[in-house]
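The following exercises are to be worked through with the sequence and the three-dimensional model at hand. Each task is followed by a solution in steps.

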Amino acid sequence: MQQPHYLVNAIYLPRVIAYLLAALVTASDFLVGSPPSVLLVGFLLWLLVYPHLAFWLTRLLANSATGARRSMHTDALLVGLLVIANQYHLFAATSFVAALLMSSLLIGVLSSMLLNVALVALVVGCGYAWEGSAPQAMAEPKAWLSGMSVVIYSAMVAGLGFRVSRHLGLGRKHLVARQYQVEGLSRRLQRYISPQVYQHLASSDQEDTQRCCLSVCFADIEGFTRMMDSLAEDLVAQLLNEYLNAMACIALRFGGTVDKFMGDGVMVFFGNPTSRGAAADALACVSMALAMRQGLGALRDGWATAGIYSDIHIRIGIHTGDCAVGHFGSAQRLDYTAVGSTVNIASRLEGCAARDGLLISAATQALVVAEVRCGPPLTLRLKGIRRAVKAYPVLGLYGH
């Protein structure tokens with residue numbers, strides 16, 4: 001069963017207490033008088049059961065603000081019967097009607113309260129016409145004025161309470177709508193940044209940078225320019241999105257942080273915001289790169305089967321070293337990224353890799369030498385890097 005509406009829930013406990021007190025007031029005459037009739041005993045028991053039954057039925061059949069207000073009409077009928085059962089005693093009747101007025105205005109509107117008053121008057125009038133007995137304690141004008149004062153004051157307090165509760169209800173409604181809007185925007189923004197970065201930003205408001213050891217991977221498509229020249233732009237966009245989606249899914253599967261997409265290129269790093277240690281991060285990075293190469297092969301085969309130009313291949317470069325990681329940019333726009341010579345070397349290694357090749361630096365190879373099969377080392381002169389860089393072509397993983 002669904003959760004009760006907040007107004008249905010709000011009147012439950014006050015209703016239980018009100019009918020318990022009403023039953024005690026009604027039964028008080030019989031503590032010093034004759035025993036009550038069976039009919040009256042049944043009525044008193046009904047007063048104790050009714051609040052729970054009303055809550056359950058309203059929640060089941062009309063779980064709304066309207067349902068809560070309409071349920072008060074039954075209360076109005078019972079208040080009329082309570083007035084009759086208490087032989088029209090002025091102060092008892094005043095207390096019952098005042099409680100009804102306050103409850104009606106706290107969860108309803110003026111028209112609902114007036115309807116409840118009319119129902120009470122109808123029941124009391126019918127009861128008086130049927131019995132023809134004289135009401136108690138009605139001789140003194142002061143008693144009448146006192147009772148009316150209690151009723152009027154209770155109505156005024158309930159009216160003020162209703163204005164406050166309506167204002168709070170509108171504020172709650174706007175807040176819930178705003179919450180849904182923010183949640184929707186948050187879900188859309190998650191697609192623009194890596195899940196690890198999103199969790200990091202959600203758990204920390206710091207915008208400083210830190211120095212840490214990363215394994216940085218650059219993967220780029222070879223033949224992308226030729227593909228653009230031979231296919232329509234919308235088809236190129238479709239194929240590129242399929243490729244980037246596949247690469248991103250592989251990166252996330254291995255725990256990598258997707259830093260950015262650069263046209264047909266992808267930059268992924270391991271070691272931040274979370275790290276499993278330099279060696280484990282480097283091995284995960286190399287394993288991811290091999291899975292990317294295999295994933296592009298599967299895509300290429302699928303495109304070829306569909307009759308689409310598929311002569312595209314991948315080049316990948318990986319380097320491990322210290323980087324500055326954190327928030328970079330302007331006061332208006334920031335990127336969470338890594339910068340430093342490690343990033344530059346990884347990018348240059350990607351450019352030197354063979355078709356469908358994977359080049360890793362000596363620093364990376366030293367961390368994964370026991371798990372990764374490599375070819376003979378190469379000594380490379382990379383653009384923008386003063387020193388010669390030793391790199392290894394990756395052949396695969398041992399045991400695979």
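**Exercise 1: A pocket and its lining**

Task: Determine which helices each supply at least two residues of the lining of the second largest pocket, and describe that lining by class.

Solution. Step 1. Helix H1 (6-10), helix H2 (12-28), helix H4 (65-85) and helix H5 (90-107) each contribute at least two lining residues to the second largest pocket. Helices (H or I, at least four residues) and strands (E, at least two) are DSSP runs, numbered from the N terminus. On a 1 Å grid over the protein atoms alone, a pocket is an open set of points where a 1.4 Å probe fits, with protein on both sides within 12 Å along at least five of seven lines; lining residues have an atom within 4 Å of a point.

Step 1. The model is predicted: local features need pLDDT of at least 70, side-chain atom pairs count only at pLDDT 80 or more, and totals for chains, interfaces and linings use all residues. Residues are numbered from 1 along each chain as its sequence is written, and side-chain values use heavy atoms, with hydrogens and water left out.

Step 2. H5 provides the largest share of this lining, 8 residues. The lining has 22 residues in total, and Pro 14, Ala 18, Ala 99, Leu 100 and Ser 103 lie nearest the centre of the pocket.

Step 3. The lining divides into 18 nonpolar, 2 polar and 2 charged residues. Here Ala, Val, Leu, Ile, Met, Phe, Trp, Tyr, Cys and Pro count as nonpolar, Asp, Glu, Lys and Arg as charged, and the others, Gly among them, as polar. The volume of the second largest pocket is about 480 Å³, where grid points are joined across faces, edges and corners and the volume is the space filled by probe spheres set on the points.

**Exercise 2: The largest nonpolar core**

Task: State which element gives the most residues to the largest nonpolar core, and list the contacts of Met 292.

Solution. Step 1. The largest nonpolar core has 43 residues, and Tyr 243, Met 288, Met 292, Ile 316, Ile 318 and Leu 358 have the most contacts inside it. Such a core is a set of buried Ala, Val, Leu, Ile, Met, Phe, Trp, Tyr and Cys residues joined through side-chain atoms within 4.5 Å; buried means under 20% relative accessible area, exposed over 50%, partly exposed in between (1.4 Å probe, protein chains only).

Step 1. Among the elements that give two or more residues to this core are strand E1 (210-222), helix H10 (233-253), helix H11 (278-305) and strand E4 (313-329). H11 gives the most, with 12 residues.

Step 2. Leaving out residues up to four places away in sequence, Met 292 touches Ala 219, Met 247, Ile 250, Ala 251, Val 268, Ile 314 and Ile 316. Contact means heavy atoms within 4.5 Å.

Step 3. A second, separate core of 32 residues includes Ala 22, Leu 47, Ala 76 and Ile 84.

**Exercise 3: The span of H11**

Task: Check the span of the 28 residues of H11 against 1.5 Å a residue.

Solution. Step 1. The expected span is 1.5 Å times one less than the number of residues in the helix. Step 2. Step 3. After H11 comes Gly 307, with a positive phi near 80 degrees.

**Exercise 4: A cis peptide bond**

Solution. Step 1. The bond runs from Asn 272 to Pro 273. Step 2. Pro 273 is located in the loop between E3 and H11.
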